[in-house]
Structure formats: structure tokens, C-alpha cells
Amino acid sequence: MDHSMHMQHTDHEHMGHGDMGHGDMDMGAKCSMNMIFTWSSDNLCIIFRQWHITGPLSFILSLILIVLLTAGYEGVRQVTRKYEAAHAQRLSAFATTSSTGDNPNLILTNAAEDGLLPGSSERSPLVVGRDNRAAVARKGKFTLAALYAIQVFYSFFIMLLFMTYNGAVMIAVAVGAFVGYIAFADDAPASKTIACH
């Protein structure tokens, strides 16, 4: 009876040792998950287990990369703003063309209605212009939606960087936002909502 208790005790120890000891070694680098503010970079993994800080050099290189990544977010926002302005200009060009009196489409439509051009007036160039505007609007909306999705993904990625609760990483995110604004935000307002995107 004592012997069976001894066997049961050793099996339990072996299972615990296998689950805890060898499992951690197989997982690779041990990452600490901080839920409070810290300046320590010991066992710091940034977002991915593979992005593990192993010493001062890797920490400095990571901070530089974080600055560049965060600055890139402002670059994506600037691309989106420029595309949005160009898209609005393309759409307003359709509206301006249809409202002018010297509109070549309108002249061709009137000529077709007067019988000067062969064919019926049902498929006039004015209608074709309206179809083109709708196609441009659809394409623009699709592109803007894709750019918006990229911004949302990017902003949550930056939020995860900030949520390492590491002071140096947080400062690198702020420096990246500063650098990105200086580099990309031509005439954009500096105000930003507190939302993640």
C-alpha cells in the first residue's frame, strides 16, 4: 500500500514536471506580460514571441523600429487624405461638366434628339457620363474602404505596442507620431480623437 502511494506520487510529479518544465523550454523565449507601467526590458516581448528583447542593442533597435512604424501610420493617413481629396475632385468634375452650358455631351445629346446624329437619344453620351461617374464613385468607395481597413489594423497594432506598458516603448510610439506628423501631415489638423483609429 505504501508502495502504490509512492508510485502515484512519482507519476504526479513527473506529469507536473513535464507540463511545466519542458513545456516552457519548447515554447522558446519566455515573455513577461506586464499589466502595470514599467521601465524594465527583462523578458520583454513586443507583440510577438519572436520579437524578444535579448539585450540593450535589440532594445534600442526595437525602439527605432517602433518610431518608424508609428511614423508610417501618419504616412498611411496622408495617403488616404490625398486619395479622398482626389476622389472628391474627380466626382465634382462630373457634376461641373454636366452643369455647364458648353457641355459637349449635352451638345451631342441635343444633336441626336434633333435627328442630326444617327441612332436614338436613349443611350446619349450624357447617360454614359452618368454611368462613368457611378463607376468612379464605386471604385473610389472600395479604395477608401480598403485604406480605412489598413488604418484600423495599423492603429490597433500601435495600440498593442503601447500596451506593453513599457515606458520606453510608449515614448517611442509618441516620438513616432511626432516624426510622422512632421514628415507627412502637410496641412492636416493636429487634433486627433482618443479613439484607437
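At 54% relative accessibility, aspartate 186 counts as exposed. In this predicted model, aspartate 186 forms a salt bridge with lysine 82, the closest N and O atoms being 3.8 Å apart. Lysine 82 belongs to helix α2 and aspartate 186 to the segment after α5, so the bridge ties together parts that are 104 residues apart in sequence. Aspartate 186 is also touched by glutamine 78, whose contacts beyond four places in sequence are Phe184, Ala185 and Asp186. Glutamine 78 is itself a residue of helix α2 and is buried, with a relative accessible area of 10%.

**Overall architecture**

The chain contains five helices and zero strands, in the order α-α-α-α-α along the sequence. Of its 197 residues, 26% count as buried. The accessible surface comes to about 13,700 Å², and carbon and sulfur atoms account for 67% of that area. Among contacts between residues at least 6 apart in sequence, 66% join residues at least 24 apart.

In soluble globular proteins, nonpolar side chains tend to be buried together. Here the largest nonpolar core has 18 residues, and those with the most contacts inside it are Leu44, Ile46, Phe59, Leu63, Ile66, Leu161 and Val169. Helices α2 (56–99), α4 (125–162) and α5 (167–184) each supply at least two residues of this core, and α2 gives the most, with six residues.

**Disulfide and salt bridges**

The whole structure has one disulfide and two salt bridges. The distances for these pairs are set out below.

| Pair | Type | Distance |
|---|---|---|
| Cysteine 31 and cysteine 45 | Disulfide | 1.9 Å, sulfur to sulfur |
| Arginine 77 and glutamate 74 | Salt bridge | 3.0 Å, N to O |
| Lysine 82 and aspartate 186 | Salt bridge | 3.8 Å, N to O |

The link of cysteine 31 and cysteine 45 is left-handed, with -70° about the S-S bond. Cysteine 31 is partly exposed, at a relative accessible area of 29%, whereas cysteine 45 counts as buried, at 11%.

Arginine 77 and glutamate 74 both lie in helix α2, three residues apart, which is about one turn of the helix. Arginine 77 is buried, with a relative accessible area of 17%, and glutamate 74 is buried as well, at 8%.

**Confidence**

The chain averages a pLDDT of 76, and 63% of the residues score at least 70. Confidence is highest in helix α5, at a mean of 96, and lowest in helix α3 (residues 104–113), at a mean of 44. Where pLDDT is low, the predicted coordinates should not be read in detail.

Methods: Residues are numbered from 1 along each chain as its sequence is written. This is a predicted model: local features need pLDDT of at least 70, side-chain atom pairs count only at pLDDT 80 or more; totals for chains, interfaces and linings use all residues. Side-chain values use heavy atoms; hydrogens and water are left out. Helices (H or I, at least four residues) and strands (E, at least two) are DSSP runs, numbered from the N terminus. Buried means under 20% relative accessible area, exposed over 50%, partly exposed in between (1.4 Å probe, protein chains only). Contact means heavy atoms within 4.5 Å. Accessible areas come from the Shrake-Rupley method with a 1.4 Å probe; for residues, only the protein chains shown count as cover. A nonpolar core is a set of buried Ala, Val, Leu, Ile, Met, Phe, Trp, Tyr and Cys residues joined through side-chain atoms within 4.5 Å. pLDDT is the predictor's confidence in each residue, from 0 to 100. A disulfide is a pair of cysteine sulfur atoms within 2.5 Å. A salt bridge is a side-chain nitrogen of Lys or Arg within 4 Å of a carboxyl oxygen of Asp or Glu.
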